[in-house]
Amino acid sequence: MRVQVWTAITVYLLVAILKKWLRLPASLYTILQILSLTLFEKTPILQVLSQQPPPTPIPDPDNQPCLPGFSTGQ
């Protein structure tokens, strides 16, 4: 159990140092998620971390489901 805790702390600190050295705008959580997904890929780490996330689509208010008995507000 202790080994797992110290390993987690070490990884967290190494990622925090990496974030500071590379001046990455992403949060530590986001960086850890990216690293967990791309851990065994042969892509350079700087390339993976510097990629911009895809934009989130803006929902179309006309394409929302309407339940019977509720008005759509229009």
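You're looking at a predicted model, where local features need pLDDT of at least 70 and side-chain atom pairs count only at pLDDT 80 or more, while totals for chains, interfaces and linings use all residues. Residues are numbered from 1 along each chain as its sequence is written, and side-chain values use heavy atoms, with hydrogens and water left out.

The chain has a mean of 80, and 69% of its residues reach 70 or more. Confidence is highest in α1, at a mean of 92, and lowest in α3, at 78. As a reading tip, where pLDDT is low, the predicted coordinates should not be read in detail.

Now for the layout. There are three helices and zero strands, so from the N terminus the order is simply α-α-α. Helices (H or I, at least four residues) and strands (E, at least two) are DSSP runs, numbered from the N terminus. The accessible surface comes to about 7,100 Å², with 66% of it belonging to carbon and sulfur atoms; such areas come from the Shrake-Rupley method with a 1.4 Å probe, and for residues only the protein chains shown count as cover.

Start with α1. This helix has 21 residues and reaches 30 Å from its first C-alpha to its last, close to the 30 Å expected at 1.5 Å a residue (that is, 1.5 Å times one less than the number of residues). Next comes arginine 23, whose phi is near 55°, a positive value in a residue other than glycine. Arginine 23 sits in the loop between α1 and α2 and is exposed, with a relative accessible area of 73%.

On to α2, residues 28-37, whose buried residues are Leu28, Ile31 and Leu35. Seen down the helix axis, they fall within an arc of 65°, so they line one face of α2; the arc is that of the directions from the axis to the C-beta atoms. An α-helix has 3.6 residues a turn, so residues three or four places apart point the same way. Over on the other side of α2, Tyr29 and Leu37 are exposed.

What do the buried residues of α2 pack against? They pack against α1 (2-22) and α3 (45-50). Leucine 28, for one, touches Tyr12, Val15, Ala16 and Lys19, leaving aside residues up to four places away in sequence; contact here means heavy atoms within 4.5 Å.

Put together, Val15, Leu24, Leu28, Ile31, Leu35 and Leu49 form the largest nonpolar core, six residues in all. Helix α2 gives the most to this core, with three residues. A nonpolar core is a set of buried Ala, Val, Leu, Ile, Met, Phe, Trp, Tyr and Cys residues joined through side-chain atoms within 4.5 Å.

Finish at leucine 49, in helix α3. Leucine 49 is buried, with a relative accessible area of 8%. Its contacts, again not counting residues up to four places away, are Leu18, Leu24, Ile31, Ile34 and Leu35. Leucine 24 and leucine 49 are 25 residues apart along the chain, with their C-alpha atoms separated by 7.7 Å.

Key: Buried < 20%, exposed > 50% of the residue type's maximum accessible area, 1.4 Å probe, protein only. pLDDT = per-residue confidence, 0-100.
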